[in-house]
Amino acid sequence: MFEGEHMAGTTDKQLIIDGKRTDGRTIDEIRPLRIEVGVISSADGSALVEWGGNKVLCGVYGPRECIPKHEASPYGALIKCRYSMSPFASLSEHGRSGPNRRSLEISKVIREVFENLIIAENFPKTQINIFIDVLQADGGTRVASITAASAALASAGIPMRDVVSAIATGKVDGQMVVDLGKDEDNFGQSDMPIALSHRKKDILLLQMDGLLTKEEILKALDMAEKSCEKVHEVQVAAVRKIYESAALSEQKISL
Amino acid sequence: MRKIVLPGEKISDEKRFIPYTFLEGNSVYAAVLGMLDEEGRYVPLESVYRPAAEDVVVGIITDSRHSGYDIDLNMPYPGFLSSRETRADFNVGDFVMGVVRVVDEVGNVDLSDVRRLPKGEIISFPSAKIPRLIGKKSSMINMIKEKTGSDVVVGKNGYVWISENDIPLVLRVINTIMQKAHMSGLTDEISKFLDEHKIDKNSVRIGNSIEFTIQK
């Protein structure tokens with residue numbers, strides 16, 4: 001047993017005091033979010049998300065030749081996603097790095113989010129790769145990954161029906177909160193990551209640990225919708241920034 | 001004001017066909033990152049090249065077989081030039097230009113009218129920004145050719161071939177167009193830049209900069 005390896009635990013500590021959480025946020029406040037698009041020059045699209053203590057790097061390649069060839073579909077592009085946690089990314093809560101039960105599950109759910117968005121039928125016999133590396137983890141890496149991948153796919157020019165934003169919701173000290181940090185995730189009563197498409201508000205991901213009542217889930221969905229709006233704004237600003245910075249650059253011609 | 005739109009943003013309530021969009025209900029939505037101007041015109045800024053018949057493309061021969069040649073066209077799958085379509089002999093690694101003859105339902109591309117390009121360099125350019133590199137009635141590309149003295153062939157697939165004459169200067173210009181493709185007044189800016197950096201016939205160009213001038 002590693003030190004501090006508690007996926008869900010209990011604590012005597014009070015996590016919410018006078019409506020303020022351990023890091024001073026209110027219950028519907030998200031951690032500072034920064035997104036940078038176009039960080040990997042050789043990738044078709046890329047994004048770096050820094051969300052509270054999380055650092056997530058995403059690179060997108062494709063559509064390109066499908067390997068192995070027998071997996072290729074004549075009906076459209078195959079979407080492949082690989083979520084991976086770096087060995088130095090604060091592992092005590094998550095077991096180990098590399099392919100494991102947890103990272104395979106997250107890879108699968110992220111892939112399914114984008115299978116519902118990407119217009120894949122235009123690119124038969126190809127694959128689209130989404131590579132996500134968590135460089136630093138502090139609770140809510142899967143929602144940070146989805147947020148990064150969405151910005152990276154948009155900047156790669158891969159046709160999509162919508163842009164997706166994601167947020168973790170949960171129950172801490174009996175109250176519904178958004179964007180749970182590591183301690184709230186581990187010692188709270190329940191956590192529920194949600195991914196919502198921006199235009200149609202489709203629920204593309206919804207997982208839950210712990211227990212919630214029907215009313216609490218509805219409350220969480222409502223809170224998630226408002227928070228996803230904030231996340232979406234940051235995503236849009238990040239994608240637009242690459243074009244605006246070209247317009248502002250004093251440097252006339254550069255190589 | 002021109003606006004950058006993301007996938008899923010509404011472009012028009014009028015039901016009409018616009019490339020790189022999709023229809024839902026009676027509205028048209030952007031499918032890729034693009035630009036929407038005041039008149040509601042939508043121009044994609046990032047996209048993946050989808051071949052169509054009669055496109056002029058630039059490629060590199062990657063394989064030579066009895067039945068024909070495989071040609072790298074900056075796409076997921078190589079294009080194919082049948083031996084029936086050509087009498088010329090190509091070697092692996094040759095730079096070629098050609099015309100897309102037919103594209104089948106799974107995206108296989110057959111080429112025709114393929115001819116070899118002389119020694120030079122091929123660079124890849126985002127295919128969505130190709131119209132900007134060519135310009136209105138080829139204004140941009142003709143100006144680059146004229147002012148640099150280089151020959152340039154722009155393939156719709158995003159490969160651009162540059163003749164050996166002055167590759168670094170053309171590369172600088174093409175890079176600028178890539179970065180500023182969404183801005184107006186680009187042709188004038190490039191024209192001004194090229195006038196400033198016109199090749200002095202007496203100077204020797206090494207790498208990216210003029211290193212010294214030969215005194216006569």
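Is the crossing of α3(B) and α4(B) left-handed or right-handed? The model examined here is a predicted one. In it, α3(B) and α4(B) cross in a right-handed manner.

- Helix α4 of chain B covers residues 186–196, and α3(B) packs against α4(B) at an angle of about 155 degrees, with 11 Å between their axes.
- Because angles over 145 degrees count as roughly antiparallel, α3(B) is roughly antiparallel to α4(B).
- From α3(B), the contact draws on Val173(B), Thr176(B) and Ile177(B), while α4(B) supplies Leu186(B), Ile190(B), Phe193(B) and Leu194(B).
- Six of the residues in this contact of α3(B) with α4(B) are nonpolar and one is polar, with no charged residue present.

**The contact between chains A and B**
- Chain A contributes 32 residues to the contact, and chain B contributes 28 residues.
- On the side of chain B that touches chain A, helix α3 of chain B (residues 167–179) provides the largest share, namely five residues.
- That side of chain B comprises 16 nonpolar, eight polar and four charged residues.

**The domains of chain B**
- Chain B is assigned domain 1 (3–44), domain 2 (56–116) and domain 3 (120–203).
- A distance of 34 Å separates the C-alpha centres of domain 1 of chain B and domain 2 of chain B.

Note on methods
Residues are numbered from 1 along each chain as its sequence is written. Chains are lettered from A and ligands numbered from 1 in the order in which they are written. This is a predicted model: local features need pLDDT of at least 70, side-chain atom pairs count only at pLDDT 80 or more; totals for chains, interfaces and linings use all residues. Two residues are in contact if their C-beta atoms, placed from the backbone, lie within 7 Å. Helices (H or I, at least four residues) and strands (E, at least two) are DSSP runs, numbered from the N terminus. Ala, Val, Leu, Ile, Met, Phe, Trp, Tyr, Cys and Pro count as nonpolar, Asp, Glu, Lys and Arg as charged, and the others, Gly among them, as polar. Axes are lines fitted to C-alpha atoms, for helices over the stretch in contact, and angles run from 0 to 180 degrees between N-to-C directions. Angles under 35 degrees count as roughly parallel, over 145 as roughly antiparallel, 65 to 115 as roughly perpendicular and the rest as oblique. A crossing is left-handed if the near helix is turned anticlockwise from the far one by less than a right angle, and right-handed if clockwise. Domain bounds come from an automatic or database domain assignment.
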